[in-house]
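Me: I would like to learn how to read the overall form of a chain and then the setting of a single residue. Could you take me through it step by step?

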Amino acid sequence: MSYIAKPKFHHPNLPRNGLGLTRRDYEGAMSTLCAGCGHDSVSAAIVEACFELNLPAHKLAKMSGIGCSSKTPTYFLSKSHGFNSVHGRMPSVATGANLANNELKYIGVSGDGDTASIGFGQFAHAVRRQVDMLYIVENNGTYGLTKGQFSATNDRVSLGRKGQKNAFDSIDLAAMAIQLGASFVGRGFSGDKEQLVPMIKAALSHKGFAFIDVISPCVTFNNHNGSTKSFEFFRDNERSITATDYIAPRESITAEYEEGSVIDVTLHDSSKVRLRKLDANYDPSDSAAALQHIMKHEELGEVATGLLYLNVEDTELKEKMDMVNVPLNSLGVAELRPDSNKLESINKSLR
Amino acid sequence: MIVNDFVIKFANVNGSGSASANALFAKAIFRMGVPVAPKNIFPSNIQGLPTWFECRVNGNGYLGRRDGIDIMVAMNPQSWDEDIKAILPGGYLLYDSTFIREIERDDIKTIGIPLTQLCNERFTIPRERQLFKNVAYVGALTGLLDMDFDVIKGMISEQFRGKDKLIAPNIDALEIGRNYALKYFDCPLDVRVESSDAVGDQILIDGNAAAGLGCVFAGATVAAWYPITPSTSVAEAFESYCHKLRIDEETGQKKFAIVQAEDELAAIGMVIGANWNGARAFTATSGPGISLMSEFLGLAYFAEVPAVLFNIQRGGPSTGMPTRTQQSDITACAYASHGDTKHILIFPSNPTECFDFAIEAFDLAERLQTPVIIMSDLDLGMNEWTTKPFKIDEARGFDRGKVLNAEQLDEVERFGRYLDVDGDGIPYRTYPGTHPEKGAFFTRGTSHNEYAGYTEDGSVNVRVMERLVHKFNTAKELVPGPVFGQDRQDSTIGLLYFGTTAISIPEAMEMLDGRDIKIDTMRIRAFPFSKEVEDFIDSHEKVFLVEQNRDAQLRALLVNECEIDPAKIVPVLNYDGSPITAKCIVDLIAEALAGNVKQVESNTVAAE
């Protein structure tokens, strides 16, 4: 870890995106996580995705709870507002922020402790309400800041650093999100940028609750032999079900694939997700089948990754609540306060 | 002959449909221009348990609760014995004489009306027979008390406009009772109602509805809440007024968002998220909800995010008496959350203030960038009060506080979210999405420097914490100030009170006057306390402080926050769950002045 300020100078010929910005413009402060932490790779993937999507950083807000993962929003997008709330309660703060201004994009970053334990209830209800946001769990199966206790996503067969056994079954957050009604559910690996970046780009283009469970090994407390959240275990047991290509609006598709092996889904901003099916039987629009698939791999001691479920038909929170098409935070006295005559007629009705 | 001065109580079975008939009776008296204070005394139950409706009628406008019942309408066999006992000697008992009952008191007058029999003869559907019994006793009362029958008939027509089929049977039911009373009893009784102009332009509304309406006029757009008695009707009133006043005319869409959250933690979390993002948002809750919201309140205090919270206090501790009233969350709210945290409290005394203070609270929360808690209670929130009409000042806009827009940010060399630029302890904030390059900051509950950066530097943390104290002192001048009693008597004795106790004070003062006890009064309306409160205590030898809790919580707050001599402040306490009466206040003060002070536990605690 380091507490040195990041140097501001950079190479003059760094590539620029459609807004004329470089990747450096999307970075944040220097990370204070352990060297090699998976979370830093996720931050880098977010930076890359936002850069490639040409997103204006100030039109995005970063939300988090408490824990190592929740610290990371400081380490990317320094021109975005951020909100590091209380443990497990990011979903409610993000919901409120979303109601106030639905025109911003929201990235929530949470951990397995923050989401699968203390914040399980809030997570479930944010999913159920279809809050328009990208919710990333940086999942390492352990409580890092308090030095390595098991979390609720730690698999039953996974041993602690000193060989301790785990008595309880793990919670599969991706399966949970599908069951609760999230309209975009993916699982990635912090060490696989090729898979993660397009998935984040697609999630940020999706309207509704997009959930990505990112297996992000804790190099200090959960990267040993016997752990099922270690780099090594994951590399050996990951099974990609789909490979995701993100195709920006107006971008042409050049590669050709065998019929039936790809699914193109048009997202709300008219960009496309191209899913290359690595498992021919997989149908990402069928939630029951997706769940079955995840569980089948789990039984085999494998972890299914990729974009697992996608539903572009469901509406998001603002539409469900039938709210006006302008952000509530832009309305002033004239739009919000009835006049004295209205109040006088209310008085009259109370006499 | 007693005119316009009595207490009538209706003893009913919860869920039997009595509430609307009882409300009709109270409103009819109000429509006759006579001040009235109806109170529902209800169990935490949906159907079956005893419930009461107590209504004080007082031409002088003394509408605090008064002990002793002049007229008891005893419709519930379960509570019959207890109800009979509550009648004052010489008072009346109105009962359903279809059933033969033993009445063991000979010092009361009885009015037996065969309500069940009369309704069974007239109505055929069982539910109608049940419901119209209630309307029939109201009809009987119009005869017995000489009430204006046209007024009540008019109200029935108004109530069922559009459902005209229901008008005739309701009026029938009224007449069944009225005609029986006129025929068999000497009407009017020696207690009666007489039309008056004492109500003036006042309105009849409960505090929760007033608070909900106030939020509409305050420009609140987001409400997040979790159902809990007695606060539920704040959110429900907001929703119903929003449907009338906040639908976009062109699209039919909502200029508001109301979320029934999964719990109180989520409710306050949403409120904080929305306020952080520049929408006016509020929540409403009661005791247990305050406990659950405490962590988030600490975050809002430290990260300086506005929030408005209505706490409709009920009887504690724990689940306590959810359907009874108290003022027992003062310390829990003033210091909600761990660490050195304190919050602004506002104490409304009537529905008009629930409305006004809702508007005030949003301005204060945004001006001061901190939570503001409005401390109502069940008596105020869930009962209808005779209260002054609502008014707004159209010239006054919303005070959104210190928020920088893009142009202003361009002029700032380096934006510091927690910099005290103006020396009042209040920094500047920005909404997300304002400026592409400047003004972004990281809101956090961790210790931070003036630029919102994380720090573990103790001296920086002390600086931030000191500024928060400075800001709290600034608040003293901005919150609603205390109100002095109208007749300052320059006594050596003072009396402090707050919230719903106010309704009993004028009557208590008159009673004390009768005993030749002169007292100066001051009503506290907010925490932090302004200097006037301290001066009032300083300028009196002894100060009584009336509270509806066990531990004299406001006294503890005064002792803790002000440079005053604790021994001077004598608690006057009532916490049985019923609204405090003038008689209770007077008796406790008189007793204390006679030297028989009952030592309250908290005296010693507070004095340490």
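Me: What radius of gyration does chain A have, and what would a compact globule have?

Reply: The radius of gyration is taken over C-alpha atoms, and the globule rule is 2.2 Å times the number of residues to the power 0.38. For 351 residues the rule gives a value near 20 Å, and chain A has 21 Å, which agrees. Along its principal axes the C-alpha trace of chain A spans about 75 × 50 × 50 Å. This is a predicted model, in which local features need pLDDT of at least 70 and side-chain atom pairs count only at pLDDT 80 or more, while totals for chains, interfaces and linings use all residues. Residues are numbered from 1 along each chain as its sequence is written, and chains are lettered from A and ligands numbered from 1 in the order in which they are written.

Me: Is A:Glu313 buried or exposed?

Reply: A residue is buried if 20 or more other C-beta atoms, placed from the backbone, lie within 10 Å of its own, exposed if 12 or fewer, and partly exposed in between. A:Glu313 is exposed, because 7 other C-beta atoms lie within 10 Å, whereas buried residues make up 54% of the 351 residues in chain A.

Me: Where in chain A does A:Glu313 lie?

Reply: Helices (H or I, at least four residues) and strands (E, at least two) are DSSP runs, numbered from the N terminus. A:Glu313 sits in the loop between strand E13 (303-310) and helix H10 (317-320) of chain A. From C-alpha to C-alpha, A:Glu313 is 9.9 Å from A:Gly208, although 105 residues separate the two in sequence.
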